[in-house]
Amino acid sequence: MGNIRVVEGSEAVALAVKACRPHVISAYPISPQTHIVEGLARMVADGDISAEYVKVESEFSAASVLAGAAAAGSRSYTASSSQGLLLMTEVLYASAGMRLPFVITAVNRSISAPINIQVDHQDSMSLRDAGLIQFYVESVQEAYDMHLAAFKIAEDPDIMLPVMVCMDGWVLTHSYERVQFVDQQAVDDFLPPFAPEHHLDPATPKTWGSYAESDVMMEFKYAIHKAMTEGKPRIQAILRDVSALTGRDNSGLIEAYRIDGAEIILVALGSVTGTVKDAVDELRDAGKKVGLLKIRCYRPFPHEEIWQAVKDANVIAVMDASFSMGSEGSIGLDLKAKLFGRPQAPMVVDFVAGLGGREINARTIHRLVARAEEIHSSGLVLPESEWVDLDPTIVS
Amino acid sequence: MTVKKETPDESLFVSGHRACHGCGMALGVRHILEATGKDVILVSPTGCLETFTSPYGLSPWRVPWIHHVFENAPAVASGVVAALRFQGRDHTRVVAIGGDGATFDIGFGALSGMLERGDDVLYICVDNGAYMNTGGQRSAATPAWAATTTDPAGRQSMGKAEMKKNLPEIVAAHGIPYVATASIAYLRDLKKKIKKAMTYHGPRYIQIDTPCPSGWSFPSHLTLEIGRLGVNSGLVPLFEKENGEITATRKIKRKIPVADYLKKQKRYRHLFASERGRLEIEKIQALADGHIEKYGLLSVA
Amino acid sequence: MKLTKGAVVEGGTSLNYKTGTWRDQRPEIDQELCNHCGICRDVCPDDAVHVNDDRYEIDYDFCKGCGICAYECKADAIQILPEEK
């Protein structure tokens, strides 16, 4: 196994990206991802990485550079957050539609307005329809490991889609953690050079970005969905290969923590899952049958894996750090849709917590679990999500 | 008599595309590719050119061509260039060809970014003076006084009030090696400019006046004639700027009054329908005269 | 036929779409008057004028009948006639 160092989360990601030998990196700053692109800039300045580093004038162009580079046959990468990720929306949809693979680190941060630079998942969740593969990581180590997997998944010939690795802003990017690195040789053996079936080349002139009439548009779009859903085994196989590389098992599309016999299962993603695990341990010690379902791969949505894990529980308490205004929390919507109609499916209660970086600690989770039990006992299906720790007296 | 000039063995922009009858842009693109040769990668934004060349499965492009979205051709081109540079494919050149809507308006930021970075991209704007693909809405490239669907002439309007954005000068202000304006009315001149641009490295910009029979409303056989009138009135000045200095201008041998150019196009017809309109024509004449003076366009008598 | 991945297609395939059906007028080259200057070939937006052994010919599969060739021909060698459907 490779060496262990204490590094800032952003630095770990930059080192993972470096190890994957991208050809093209585009860079535009936005808190809290900026340390990642700055770390890569230092590596370029010192000649430690031989990538072309393109300093763009907006995130729209940051993603566009990746699309052009990928079409030309080069592995490419950028990082963004919040407003920057939303600005890329059109480019990401188009790139998924044109099956252009690249990797973006989505350093999660809330969305204006009001402007707030703390963590929630509204930014990446707003992009979940676009045809990107999305992962959420719990720790800096997991961020490092997932970036190693991300390029291989994106470039898989049967997948060929952009991959977004989501990591909580500040909480992970700006904290220092003990990270175990993988030797460059091992990464090189694991990740061969990008070799797409087509690339822009005068020797084989092709036309990219056609328009499709109504008679074929649905089939083109379905092909993206199919690549994602049928790609699940391939994604898992690559994650298993990374696990073999690292010695850490991050190979599940989900991670089940103390699920056995759980009556109440919390569903969460991102760095809060670490806190949830602590809370689950405390609750278990107190005799409560609670567990955590951590979703690692959010798109494609691992509904079958989730069902197998939760089907014997009484109630699922979803922790949503993003919300679809006028409806419900994002994960709540996905989960309820997929569990609806399943035989004796557990009740799902959707909790909205942590927007704009509002603290979620173990006590919050204890309260949340108690509330879930209360709702389950009442037998009433709630028409609305529960907004945790909301102060309604100041809402105008 | 034998054919006077070289013609390519195999066309790089073939028939079967869906440009309107007499499309100046299609004509321009044929000659752009004759001048660049086939070792190019093309990037186009959304627009007329993209739409008439890319119905699924029916492409006239015999060079690699990519359309991504509307705003980002310059940035996509930057990405392609970066990839080629990394891969050591230096001989393949990147050429972006986009319309005025994409270039003057929605992609302006991306264009400026590409120019500022010094990326080795030849950006060619095929300028038909409006969002013609969607029916002729105004862009920043629409000449003042032209009527468009979003700037129609009416009882209280003489068409577009704002002056055409002087994009060649804005582009030149980025300090790039080569900027030129050209017209499909003068194909040899156009090809010469493309070829010269290809000898430079770094960002280069060529803006081509591409008359549009559908959008400007004139009979489709007059495309080059309208182009000539525009140039010879002074309204469409043709020049080259290399490293910040004007190095060449196309002289007007016989200056024509702007009215001769305007009257042939329905987009200016409102100017001939009233006394007020005729006064506006005088302002257009002043504009043309201003170009002639600024760029020294009249041949020495 | 299966769609391509990402709608990427071969170039030059527009030759399968015969735009000649768009015509309502057609150009005809008088070979006697033609002086082989090549202008008609240069000015066709649709690349529908070809040279075969120094003989200029209109490709009626693709000619849209815009009339530019006839207008620009310096030898008055191209006539525009109504298209018979």
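Me: Which helix holds Leu148(A)?
Reply: Leu148(A) sits in α7 of chain A, residues 140-155. Keep in mind that this is a predicted model.

Me: Buried or exposed?
Reply: Leu148(A) is buried, because it has 24 C-beta neighbours inside 10 Å.

Me: What does Leu148(A) touch, leaving out residues up to four places away in sequence?
Reply: Ala16(A), Ala19(A), Cys20(A), Val182(A), Val187(A) and Val242(A). Take Val242(A): 94 residues separate it from Leu148(A) in sequence, yet the C-alpha atoms are 7.2 Å apart.

Me: New topic, β4(A). How many of its residues are buried?
Reply: 5 of 5, so to speak a mostly covered strand; β4(A) runs over residues 76-80.

Me: Which residues point which way?
Reply: Ser76(A), Thr78(A) and Ser80(A) point to one side of β4(A). Tyr77(A) and Ala79(A) point to the other.

Me: Which strands pair with β4(A)?
Reply: β2(A), residues 24-27, pairs with β4(A) in parallel over 2 bridges. There, Val24(A) is opposite Ser76(A). β5(A), residues 103-108, also pairs with β4(A) in parallel, over 4 bridges. In that pairing Tyr77(A) faces Val103(A).

Me: Now the sheet with β14(A). What is the strand order?
Reply: β10-β12-β11-β14-β15-β16, all in chain A. The sheet is open, has 6 strands and shows mixed pairing. β10 (254-257) and β16 (386-387) of chain A are the edge strands, each with a single partner, so one side of each has no neighbour in the sheet.

Me: How do β11(A) and β14(A) run?
Reply: Parallel, with 4 bridges between them. β11(A) covers residues 264-268 and β14(A) covers 315-320. Leu266(A) is opposite Ala317(A) there.

Me: What does α14(A) touch on that sheet?
Reply: Helix α14(A), residues 362-378, packs on β11, β12, β14, β15 and β16 of chain A. Its direction is at about 135° to that of β14(A). Helix α13(A), residues 330-339, lies across β11, β14 and β15 of chain A, at about 145° to β14(A).

Me: How far does α14(A) reach, end to end?
Reply: 24 Å between its first and last C-alpha, for 17 residues. That is close to the 24 Å expected at 1.5 Å a residue.

Me: Which residues of α14(A) are buried?
Reply: Thr364(A), Ile365(A), Leu368(A), Val369(A) and Ala372(A). Down the axis of α14(A) they fall within an arc of 135°, so they line one face of the helix. They pack against β11, α11 (272-285), β12, β14 and β15 of chain A.

Me: What exposed residues does the face turned away carry?
Reply: Arg363(A), Glu374(A), Ser377(A) and Ser378(A).

Me: What follows α14(A)?
Reply: Gly379(A), with a positive phi near 75°.

Me: Switching to chain B. How many residues of α1(B) are buried?
Reply: 12 of the 13, so the rest of the structure largely encloses α1(B). Among them are Met25(B), Leu27(B), Arg30(B), His31(B) and Glu34(B). α1(B) covers residues 24-36, and its end C-alpha atoms are 18 Å apart, in agreement with the 18 Å span for 13 residues at 1.5 Å each. Gly37(B) comes next, with a positive phi near 80°.

Me: How many residues do chains A and B bring to their contact?
Reply: 35 from chain A and 39 from chain B. On the chain A side, α3(A) gives the largest share, 9 residues. β3 (52-55), α3 (59-71), α5 (89-97) and β9 of chain A each supply at least two. By class, that side has 19 nonpolar, 10 polar and 6 charged residues.

Me: And the contact of chain A with chain C, how many residues there?
Reply: 15 from chain A and 8 from chain C. The chain C side has 4 nonpolar, 2 polar and 2 charged residues.

Me: Which strands of chains B and C pair with β9(A)?
Reply: β1(C), residues 9-10, pairs antiparallel with β9(A), residues 206-208, over 2 bridges. β2(B), residues 65-67, pairs with β9(A) in parallel, also over 2 bridges.

Me: What are the bridge partners of Thr207(A)?
Reply: Val9(C) in β1(C), and Trp65(B) in β2(B).

Key: Residues numbered from 1 in each chain as written. Chains lettered and ligands numbered in written order. Predicted model: local features only at pLDDT ≥ 70, side-chain atom pairs only at ≥ 80, totals over all residues. Pairing = 2+ DSSP bridges. Contact = placed C-beta atoms within 7 Å. Axes fitted to C-alpha atoms, helices over the stretch in contact; angles between N-to-C directions. Expected span 1.5 Å × (residues − 1). Buried ≥ 20, exposed ≤ 12 C-beta atoms within 10 Å, placed from the backbone. Arc of directions from axis to C-beta. Nonpolar A, V, L, I, M, F, W, Y, C, P; charged D, E, K, R; others polar.
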